[in-house]
Amino acid sequence: MRGFESFKRSDALGGRTRTGNFAEQAEKEMNEDMLQEHAACVEKYTETAATILNWLKALDLKEVGNIFSEYLTKSGIPVEHWNVAEKFYLYEGVGDNEMAYNSASNAIRINVKYYDELLLRYDEDEVFVRFMHALFHETAHSTSYNKIEWDVEFGETNMRADLKQQTGFDANVASKRIDNGRKSDEQMRVFELFNEGITEQIAHEVVLEYVRRRPTSIEPSKFKRTTTNYLESEIFEGTNDYDAARQMITAIVLSISEQTNVPEKVVWRGFVRQYYTGEMTPGDVVELLNETFGSNFGERIAEAKDGTDLRELALSLRSLSTHYPDVAQKWLDHLHVTRGAQ
Ligand SMILES: [Zn+2]
């Protein structure tokens, strides 16, 4: 796969930046459309919509922001670059999509239909914990390094739209063309699943920290039990693609830790740092992974599309017997740590 090359090193450390002639308009239009759909959902799903809006109120979002700000500070992001999504819209989605954050709109969309169906089958407290976890997952995306570059041109009979988007490790290039009625669409995306694994792991940590600080409105003992049940069943033994991504990252962290003699916790913090700063380009990440785990490993991670791809990679990682001592220093440099740091 080619296309990594088009991503340059960022000049700003972390935060959300958007550039290009269409950036402001796109954000405005997206938010207007979402607000409209939100209003329709509130009407159609009166009861569930009210429940979700109550959940949002019950959560101490300020405290959530505090927890995330610690990740940003530790990653060296200046305060003025912090970004966190604060707009939430209901939408009627399909399937298991619970929520979504899109950096171009800087808003979080919540699939009301999904929660409506869940509330029929499970206890409300249980669904709330699930909701909280999903919300923190999407919030993590919004706090990560986000760069959006629009380049749009409208003509009489033609239209050209190029979008380059980076969120955490995930890099995406999309171009649309309309020329005299002929349409074409092209897209290249790398590190999507890998980025989900990092996000999922952060969300997991934030849920546990939030519950420690704020047991919220649910009776504490029940809440704690619900959270533990949920995290154990859904995250530790989970089998979906995001869980596979998270398990893959755990395996990578362990392997790097063994090769560099740096504690796992510190290696993990290095990945978190890259997630927040965007210091390395996608090409740099591919190169570093190739140098560490052998040729093509970086490309295979970047291009992994589902849990099966990742599980195969995790297995090949386990059977790796070669250690690459020469890359140890490189990792330490990238992770911004010195040997023995905690
Ligand atoms: Zn995600």
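Helix 6 (residues 192-213) and helix 8 (residues 241-260) pack with their axes 7 Å apart and at an angle of about 80°. Helices are DSSP runs of H or I with at least four residues, strands are runs of E with at least two, and both are numbered from the N terminus. Axes are lines fitted to C-alpha atoms, for helices over the stretch in contact, and angles run from 0 to 180 degrees between N-to-C directions. The two helices, helix 6 and helix 8, are therefore roughly perpendicular (65 to 115 degrees) to each other.

The model is predicted; local features need pLDDT of at least 70, side-chain atom pairs count only at pLDDT 80 or more, and totals for chains, interfaces and linings use all residues. Residues are numbered from 1 along each chain as its sequence is written.

Residues in helix 6 that meet helix 8 include Leu-193, Phe-194 and Ile-198, while those in helix 8 include Tyr-242, Met-248 and Ile-249; contact requires C-beta atoms, placed from the backbone, to lie within 7 Å.

An open sheet of mixed pairing is formed by 3 strands in the order 2-4-3, where two strands pair if DSSP finds at least two bridges between them. Strand 2 (87-91) and strand 3 (99-102) stand at the edges with a single partner strand each, so one side of each lacks a neighbour in the sheet. From one strand to the next, the twist averages 25°. Strand 3 pairs with strand 4 (residues 107-111) in the antiparallel sense over 4 bridges, and Ala-107 in strand 4 is the bridge partner of Asn-102. Helix 4 (residues 112-121) packs on the sheet and touches strand 2 and strand 4, its direction making about 40° with that of strand 4.

Terms used. Angles under 35 degrees count as roughly parallel, over 145 as roughly antiparallel, 65 to 115 as roughly perpendicular and the rest as oblique. Two residues are in contact if their C-beta atoms, placed from the backbone, lie within 7 Å.
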